[in-house]
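The following exercises are to be worked through with the sequence and the three-dimensional view at hand. Each task is followed by a solution in steps.

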Amino acid sequence: MNNKWKQHRIERMEKWLTQVDSDRYVEHTPLKLSCVTTESFRKVEQVSNMDFRPISEGEAWGRDNQIVWFKIEGTVPADWTHPASLLMNMDGEILLHDESGSPIYALSSGSIFDKNFVKDLFLLPSSMVADTDFTYYGEAVATALFGLLAPTGADSPSARKSPPTGPQPILVSHVLEAQLVSIDPALTQLFRQGFILLDQLKDLPEKHMRKSKLDYHLFQAVDCYEIGDLSGAQKIIQGCLADPAYTTELTYTAIGHAHIDTAWLWRLEESTRKCARTFSSQLEHIRRYPDYVFGASSPHHYAWMEEYYPTIFEGIREQVAAERWECLGAMWVEADCNLSGGEALARQLIYGKRYFREKFGVDVNHLWLPDVFGYTAALPQLLQQVGAPYFMTSKISWNYYNTFPFASFHWEGIDGTRVLTHLPPTNAYNEELIPSRLAGGRDTYPEKGIVPKALAVYGIGDGGGGPNEVFIESGQLLENLEAAPKVKFGTADGFFKELEEYADELPVWSDELYLELHRGTLTTQAKLKKGNRKLEHRLRDTEILYAAFKRDQYPQDEIETLWKKFLVHQFHDILPGSCITEVVEDSLREYDEVNEALDALWAPWSDSANPSSWSVVNSLNFNRDDLVCLPGASDVCIEADGQILPTQRVGDETWVRYDQAGLSSAVLKTSKTACPASEKRSLTATDFPLTIENDLVLYRINAHAEVIFGQDKATGRIFIEDQKANELVLYADKPSHWEAWDIDPFYPNCQLESAISAGTMDYEIGRVAQVLTVQMSIGKSTIFQQISLPNHRATLEFDHRVEWNEKRRLLRLNVPTTLRASSASYHIQFGMIQRKTSDNTSQEQAQFEVAAHEFADLSEGNFGMALINDCKYGYKVKGKTLSMSLLRASNYPDKTADIGEHTFRYALHPHAHSVSNSLVVETAAAFNQPRWTLSGDTEFKFPFQLDGEGIRLEVVKKAEDTGDLIVRFYEAKGRRSEAILTLDTEWDVEEVNLLEEPQKNLGRAKTLTMELGPFEIKTLRLQR
């Protein structure tokens, strides 16, 4: 049989299946519809008496996320013999409620991404027999399944055919179908069985024995059906399904799922409704299919149900208790793992685990993050410290250049901690459970020779309602089918316990899980990223403030509420900036609300009646010699303990040089001594290159504020020479695919221009620092830059205010050096990671933009330089050049992204020795966490001191469940070190994990010395 004949036979079978699908709808009659437009959240009792207007099939009912309630009425005809169902496609998403107001099921329109992502049938309860009247209410939202996705100019559902590439048009939703139908169960079964077998037939290798058998018998089944012999067709199909799977076949544990983005192309409020639609549907499926299991992540989503949909929440509680619903987790939301700070990731896990324990009595032992844009190498230690030794993701399969080598493996973090990790081999979290997809995963599963098991995560996400009847029944058909992987319904917990049996034979991946895609998310929506960094530090400082000095007044409930509110916005399509304008606006507004609440918590600590004194507190555990910036420009000097301090008036601030010990406070006061005036002058082109130097370092700067020379005076080492460091460069930024998400590696080929001076340059030399103020222009934007060199430090600091007016442009900082090293060090959560500076391999080439937090450092061993920042995350260190992304201007999904004013800081910090044997960690921490400056003269005495080379204090807080003090710290430089804890009196000390559960009793002591391994996190509970 030649290929044309084979293809013709396949086409006939496909057409037959289409006919069976149509034939199973035996009778139909129109539904009576009426509707009313509402705003925001409503309940049935609030809308049932509103003025509904009649509406029919084909009519438009809403546009662009508009909320419309429908009243759906009908009668089951007396002569119907088959079960009745609602057939409704509202060209949007709709949640059905019964007359009592309880949400019961959801329906959704299709998706441009997959034609099968449609859910348009609701089987009426068996109690609704012939001649029964019914009324339902439905809350509908005018949106496609994945937001307002439609090609430009489209205003009808039939036009939605491809993913978006730019700003979205008006979307108008219509009533596409609204019928009461009766469906023949026998034909439905025949259709679904035939679909599975035909999918397998098309997928099997050409010479496979089963392929020939299926081709022959399915063709026979078509013949029987065409002549009206339904039982003959059924018998043939049953025979094909009866052949058992091979004994060595891979077994998939299939868990029903619906990945719901907390916000993305819709706002948080809409995600609340998406959760309600999905969860109500899955509760119905659990009732309908006795062996079916569903799982959902994100405790915050459950908290939404608890608040807004209590009947759904109670239904979930019942099914969790019955082990039919699995709480997946364990983060509060599925957070971004590149940008979120270390303690923020810990709190995601802590609050997530505690919620599931308190509300459902379950202890989630895994992290479920299918769709995050890369995973920090600090994560394994955090997971083990919350009792979650297992990890699941599938996003790494999106790598653009290199296929990740493992699917079942041990992931080892920067401290050596390992977690057992699984990447579902079908590379999807919206799986359909069909033979071709499952077999494809089996065939590429690297560990299938070791582990005869894998995980299948199936169901339609983001409002599609999770698995529908077709998906579930397909899984049942694949329980034991020849030449197909086996399927069993189960849980992630059960799967990982089975995987544990093979742990000793599995490979190890020791590194971050870097995603070779979506590097633009390290920079897009700069205001979100700056707000995130600053709030992480403010929440930390607020906890320290109350825990260390007024623990009996510790506002625990309020602080937890603020943490949880903040953590929501670390979701992996919010903080990365890959979301619509409205989501960004909502996040920035909620950042402001959290800041206002924190302002109120800090207000009692300031004495506005004493404006001439400031309590200055160093909340870091090591000495710092950076400048104290006091609000308001003073004409007099500042003193401490009667000693006049070096003081300088700079703009609207007073800069004071004051070295301060770790975890200490001091009172600074205005003195009667006049502040010496700085030497100030305006510069012209003839004044350049300008030399800025002190006893430690010398820099030369050209007329465009670029550093062309840098030398360390103590060693004589020249670290910048004949280059343009601090060069601000504008590039064309038009990624090939996902605009807000991606930066393509080709951007260096598209350099447009560098910033040039565009006004006067003012220079001052004062008692504290030398300051150069510059105005520059680049593209359509203006940059105001203040360059300062403290008189006692080698760190050159750059403060910026940028009026950014670009579109599809990338602004980068380039810092070429004379340094050469095979690897660069990058600060990440709870430590550092090394990445190659070469492009020898395709893996190294793919890392042309990487994540870092406070700094990246290039060191030769005896000398190096760090590029420090206060709110940026996208770095590149290749060859001898450090580079950092500053601003982007993507056009989708937010066409206004980043336009406006931005402020940020960075610094060049040259240092002797390697990064691990220098003060880079301490300098970067001080740069990011300014000293507290509270008006008044209150003395703050910390109840302990924490010392140790490379030891960094992370948390001081009240314990979650007691009045004890919790102290968390870690080794930050990647070497074994001793931490010395000196207490103000004897305390009972206990080592605990992140959940504050006992690990080791350290006894009663006033001084403790503890050894920490490289990047080890340690948490102590202190009790007087």
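Helix H9 is followed by Gly361, whose phi is positive, near 70 degrees. The model in which this residue is seen is a predicted one.

**Exercise 1. Helix H9**

Task: Compare the end-to-end reach of helix H9 with the expected value, and determine whether H9 is largely enclosed by the rest of the structure.

Solution. 
Step 1. Helix H9 covers residues 342-360, which are 19 residues.
Step 2. The expected span is 1.5 Å times one less than the number of residues, which gives 27 Å for H9.
Step 3. From its first C-alpha to its last, H9 reaches 27 Å, close to the expected value.
Step 4. A residue is buried if its relative accessible area is under 20%. In H9, 16 of the 19 residues are buried, so the helix is largely enclosed by the rest of the structure.

**Exercise 2. Helix H3 and its cap**

Task: Which residue caps the N-terminal end of H3, and what span should the helix have?

Solution. 
Step 1. Helix H3 comprises residues 185-203.
Step 2. The cap at the N-terminal end is Asp184, which places a side-chain oxygen 2.9 Å from the backbone nitrogen of Ala186.

**Exercise 3. Salt bridges**

Task: Classify the partners of the salt bridge between Arg9 and Asp215, and those of the salt bridge between Asp363 and Arg357, as buried, partly exposed or exposed.

Solution. 
Step 1. The structure holds 76 salt bridges. In one of them, the side chains of Arg9 and Asp215 meet at 3.1 Å, N to O.
Step 2. This pair links distant parts of the chain, for Arg9 is in helix H1 (residues 3-23) and Asp215 in helix H4 (residues 209-226), 206 residues apart.
Step 3. Arg9 has a relative accessibility of 15% and therefore counts as buried. Asp215, with a relative accessible area of 16%, is buried.
Step 4. For Asp363 and Arg357 the N to O distance is 3.2 Å. Asp363 counts as partly exposed at 44% relative accessibility, and Arg357 counts as partly exposed at 31%.
Step 5. Salt bridges may also form a network: Glu93, Glu269, Glu270, Arg273, Lys274 and Arg277 are linked in this way.

**Exercise 4. The surroundings of Thr521**

Task: Locate Thr521 in the chain, decide whether the residue is buried or exposed, and name residues that it touches.

Solution. 
Step 1. Thr521 lies in the loop between strand S22 (508-510) and helix H14 (526-549).
Step 2. At a relative accessibility of 1%, Thr521 counts as buried.
Step 3. Residues up to four places away in sequence are not counted; Thr521 then touches Leu339, Phe373, Lys529, Pro576, Ala740 and Trp741.
Step 4. Leu339 is 182 residues from Thr521 along the chain, yet their C-alpha atoms are separated by 9.1 Å.

**Exercise 5. Nonpolar cores**

Task: Which residues have the most contacts inside the largest nonpolar core?

Solution. 
Step 1. The largest nonpolar core has 270 residues, and those with the most contacts inside it are Phe279, Trp325, Tyr375 and Leu772.
Step 2. Helix H14 gives the most to this core, with 10 residues.
Step 3. Beyond its neighbours within four places in sequence, Trp325 is in contact with residues including Phe279, Leu283, Ile286, Phe294 and Tyr302.
Step 4. Apart from this core lies another, of 28 residues, among them Cys35, Met88, Met90 and Ile104.

Notes:
Residues are numbered from 1 along each chain as its sequence is written. This is a predicted model: local features need pLDDT of at least 70, side-chain atom pairs count only at pLDDT 80 or more; totals for chains, interfaces and linings use all residues. Side-chain values use heavy atoms; hydrogens and water are left out. A salt bridge is a side-chain nitrogen of Lys or Arg within 4 Å of a carboxyl oxygen of Asp or Glu. Helices (H or I, at least four residues) and strands (E, at least two) are DSSP runs, numbered from the N terminus. Buried means under 20% relative accessible area, exposed over 50%, partly exposed in between (1.4 Å probe, protein chains only). A polar contact is a pair of N or O atoms within 3.5 Å; within protein, one must be able to donate a hydrogen and the other to accept it, and residues adjacent in sequence count only if both atoms are side-chain atoms. Contact means heavy atoms within 4.5 Å. A nonpolar core is a set of buried Ala, Val, Leu, Ile, Met, Phe, Trp, Tyr and Cys residues joined through side-chain atoms within 4.5 Å.
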